[in-house]
Amino acid sequence: MNYCSTRDRQVGRTAAQAILQGLSAEGGLFVPEEFPALPPLDELSRLSYTERALHVLGPFLMDFPADQLRACVRDAYAPERFGGLDNPAPLAPLSGERWLLELWHGPTCAFKDMALQLLPRLMTAAAGIAGDGREIVILTATSGDTGKAALEGFRDVPGVRLLVFYPRDGVSPMQKRQMVTQEGGNLSVCAIDGNFDHAQSAVKSIFSDPALAARLGQAGMRFSSANSINWGRLAPQIVYYVSAYCDLLAQGRIRPGQAVNVCVPTGNFGNLLAAFYAKKTGLPIGRLICASNRNRVLTDFLRTGVYDRNRDFFTTLSPSMDILISSNLERLLWDLSGGEPVKDWYRQLAAEGRFQADDSVRARLAAEFYGGFCSDEDTCAAIRDTFREEGYLCDPHTAVALKVCRDYREETGDAAPVVIASTASPHKFVNSVLSALGQPLPADEYDGLRVLEALSGQAAPAPLKALEGKPVRFDSAIPREGIRDQVLRALGL
């Protein structure tokens, strides 16, 4: 199994090389040259999550020795890392043949743990397989959850240094506290005066700077990424869609071969792309439902074929989706277009802020995807209504997906079973959830956490409660133009 770049088909890498490099030198993303078929799903349905993961990931990571990959996967998904659960991604049933795929039982209480507990182990193994002995410097832009999950996953990993940049006013108070109190000797966290897109664009430009790469090489370092631009971040996300389908089979909720729709709240498109890739391996997925917040650039693209980031940027109640440049869309377009137009489209996006897909791609998008969006008011209503009607407390991102899923069913009449990605614990967004439930906001966020526990009857995750009183380690903030200089300072260059 080899990988090529979305902007140069002639660039070839093994899985280990692609994971170590993160982003191709010309700015493209690595994609597999083929998609292996899943084993029979009735067989997978009898296996544990770890065993399913090995069957799904093995063909994508063929240069990893089988015993080494098994050790990586077993360690990453050990029950003690996921609240004592043998299945780290359980399903919670709702009425109307809807199931919430709970992806937030890991150490940082967000879906990024499902990949970022495994990625450090894959990267360490990849360094042994295809590395050159240089220290790995991971640059990560975050809209809230990736940063903490990467910090936790790469904390004190030998031979790795991690630098995280987040928008100072674009994350929840709990997300910020998770990052600025993070322990570990190989980490750096810095806020920027800007949004996630500014941070992500700066990180990508650093990756694509040959002079800077040479400078790092002279210092015995190399760049990589923990964002979903890295194939090692994206591949593990395919697993939980396969596992969810297998759980439904095992529970007798669906018939073998029955198609299930998937609804995902998304900003950078990685989580929904993973579902599309699961479908390409043979998983019976029907419609892929893309749920956006007020920053509806993906919804508009799926409906019109025009990607246009020349629009107002909004800070919303679902901050991890406050994104206008959705990196993983490039991988989807490479697949749907055959690859050739992608380089020109993204050159146009960089120069003009927009591009238009051709008619054949638009037809494929219409056949596979549905795009919808949700206002903050509707987000609050979805949190409130789901709690009142189902007794289930969800976070603002999951609420966006619930609302868009309802819109899809009403608009299309498609009542097929649907798996809805629940991407974060509601306790990470205390103020937003309490407001949605009509509750006054305590002055202290941890008092709010206790109020939310009492209202819901659900204990807040232990990792969040442990943050109370923890000292702040990282309090620096820089202009967004200063990210490159900050990287050089942090690395002593």
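Leaving aside its neighbours within four places in sequence, with which residues is Leu 61 in contact? In this predicted model, Leu 61 touches Ala 15, Ile 19, Leu 69, Leu 122 and Trp 231 once those sequence neighbours within four places are set aside. The points below place Leu 61 in its nonpolar core, and then turn to the largest pocket and to a pair of parallel strands.

**Nonpolar cores**

- The largest nonpolar core holds 112 residues, and those that touch the most other members are Leu 61, Phe 64, Tyr 241 and Val 242.
- Helix H11, which covers residues 231-250, gives the most to this core, contributing 13 residues.
- In soluble globular proteins, nonpolar side chains tend to be buried together.

**The largest pocket**

- The largest pocket has a volume of about 420 Å³, and of the 17 residues lining this pocket, Arg 7, Ser 201, Lys 204, Tyr 346 and Ala 350 are the closest to its centre.
- At least two lining residues come from each of helix H9 (196-207) and helix H15 (342-352), with H9 supplying the largest share, 4 residues.
- By residue type, the lining of the largest pocket comprises 5 nonpolar, 7 polar and 5 charged residues.

**Paired strands**

- Strand E11 (residues 285-292) and strand E14 run parallel and are joined by 5 bridges, and Cys 290 stands opposite Gly 371 in E14.
- Strand E14, spanning residues 369-373, is mostly covered, with 4 of its 5 residues buried.

Conventions: Residues are numbered from 1 along each chain as its sequence is written. This is a predicted model: local features need pLDDT of at least 70, side-chain atom pairs count only at pLDDT 80 or more; totals for chains, interfaces and linings use all residues. Side-chain values use heavy atoms; hydrogens and water are left out. On a 1 Å grid over the protein atoms alone, a cavity is a set of points where a 1.4 Å probe fits but cannot get out, and a pocket is an open set with protein on both sides within 12 Å along at least five of seven lines; lining residues have an atom within 4 Å of a point. Grid points are joined across faces, edges and corners, and a volume is the space filled by probe spheres set on the points. Ala, Val, Leu, Ile, Met, Phe, Trp, Tyr, Cys and Pro count as nonpolar, Asp, Glu, Lys and Arg as charged, and the others, Gly among them, as polar. A nonpolar core is a set of buried Ala, Val, Leu, Ile, Met, Phe, Trp, Tyr and Cys residues joined through side-chain atoms within 4.5 Å. Buried means under 20% relative accessible area, exposed over 50%, partly exposed in between (1.4 Å probe, protein chains only). Contact means heavy atoms within 4.5 Å. Two strands pair if DSSP finds at least two bridges between them.
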